[in-house]
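Please read the following report alongside the sequence and the model.

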Amino acid sequence: MHDPADLDTDLSLRDVVAALESLYPLESAADWDRVGLVAGDLDQPVRRILFALDPTLAVIDDARGWGADLLVTHHPLLLRGVHSVATSSAKGASVTALVRAGVALWVGHTNADVADPGVSTVLADALGLRDQRPLSVEGDQAPGRVGELSSPVSLAEFADVVATALPATAGGIRVSGDPDAMVSTVAVMGGSGDDRFDDVRASGADVFVTADLRHHPVLEAREEARGGPPYLVDAGHWATESLWLQSGRERLLSALGEAPGATRVETRVSTIRTEPWTFVVGANAARDDRVAPETGGVS
Ligand SMILES: [Zn+2]
């Protein structure tokens, strides 16, 4: 059956997609999500694979310039309905650029969030959390992680641990809580986690590391805590999720280890930062108020 020449053929996109979906099954994605293969011909050869958090125009340029055959991103390019892929919109320009350059796009989003190792486990590992367990359980999925620091530290020291573990961002890290309060049990959720406060309270975590925290959910959570734990750390969406890229790259390479042609595949994580913020001014302008305000004694 096999033509000897086949032994020298490259990996096909079909092979790589199968490997990705063995690691991050599409069925484990949330119902609203749009994951998996977005562009590409399953029979096209794959020699170079670029990983990035977001399929922005700059990332697609990076993929084209490097000669990538496949771009793997965490965030979807097309989450909502699209009626045109003309270059007059950024989404259309992105699709057109991918197709013209022959760069396939595969997305691992909520299916990568709930994987183990996945986005939150990689974040928990980076913070050195021991005795890890799921933050919440939804059916057979377990988004978020909870674990223990090797020894209790102050909230201020813990914020420095987070800053050291994660790539630097324009926005830095925001913390809500008494800098001198001691913390040892840590909950994490890569990306947006302000819908998880009930799970965080139930977990007994002293501090919750996530991102995209908004005024009202945060204020209400802090009111519920009466100034005590769980304290909150907003470490940025891009920073909390970007650590996953290296893990995904390494896991894909090992999953491809058995596949013919795998030795010729080149992979790298894009150096383009897709954090949308550019700079901040006035941070800590209210430094005298840095300690969380007292909450009232109303029962
Ligand atoms: Zn995200």
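## Overall make-up

The secondary structure of the protein comes to nine helices and 13 strands, where helices (H or I, at least four residues) and strands (E, at least two) are DSSP runs, numbered from the N terminus. This is a predicted model, in which local features need pLDDT of at least 70 and side-chain atom pairs count only at pLDDT 80 or more, while totals for chains, interfaces and linings use all residues. Residues are numbered from 1 along each chain as its sequence is written, and side-chain values use heavy atoms, with hydrogens and water left out.

Of the 299 residues of the protein, 47% count as buried; buried means under 20% relative accessible area, exposed means over 50%, and partly exposed lies in between (1.4 Å probe, protein chains only). Among contacts in the protein with a separation of 6 or more, 68% are accounted for by residues 24 or more positions apart, a contact being heavy atoms within 4.5 Å.

## Nonpolar cores

A nonpolar core is a set of buried Ala, Val, Leu, Ile, Met, Phe, Trp, Tyr and Cys residues joined through side-chain atoms within 4.5 Å. The largest such core has 46 residues, and those with the most contacts inside it are Val-16, Ile-49, Leu-70, Phe-158, Val-209 and Leu-252. Helix α1 supplies the largest share of this core, six residues.

Leaving aside neighbours within four places in sequence, Ile-49 is in contact with residues including Val-16, Trp-66, Leu-70, Leu-252 and Arg-268.

## Helices α2 and α3

Two packed helices are described by the angle between their axes and the distance between the axes. Helix α2 (residues 57-66) and helix α3 (residues 90-101) pack at an angle of about 10 degrees, with their axes 10 Å apart; axes are lines fitted to C-alpha atoms, for helices over the stretch in contact, and angles run from 0 to 180 degrees between N-to-C directions. That makes α2 roughly parallel to α3, a description used for angles under 35 degrees.

On the α2 side the contact is made by Leu-57, Ile-60 and Arg-64, and on the α3 side by Ala-90, Ala-93, Ser-94, Ala-97, Leu-98 and Ala-101. By class, this contact has seven nonpolar, one polar and one charged residues, where Ala, Val, Leu, Ile, Met, Phe, Trp, Tyr, Cys and Pro count as nonpolar, Asp, Glu, Lys and Arg as charged, and the others, Gly among them, as polar.

## Salt bridges

The structure holds 13 salt bridges, each being a side-chain nitrogen of Lys or Arg within 4 Å of a carboxyl oxygen of Asp or Glu. In one of them, the side chains of Arg-14 and Asp-43 meet at 2.6 Å, N to O, with Arg-14 in helix α1 (residues 13-23) and Asp-43 in the loop between β2 (36-39) and β3 (45-46), 29 residues apart. Arg-14 counts as partly exposed at 42% relative accessibility, whereas Asp-43 is exposed at 53%.

The side chains of Arg-268 and Asp-62 also meet in a salt bridge (2.8 Å, N to O). Because Arg-268 lies in strand β13 (residues 266-269) and Asp-62 in helix α2, the pair ties together parts that are 206 residues apart in sequence. Arg-268 is partly exposed, with a relative accessible area of 24%, while Asp-62 is buried, at 16%. Finally, Glu-138, Asp-195, Arg-196 and Asp-199 are linked in a network of salt bridges.

Notes: Angles under 35 degrees count as roughly parallel, over 145 as roughly antiparallel, 65 to 115 as roughly perpendicular and the rest as oblique.
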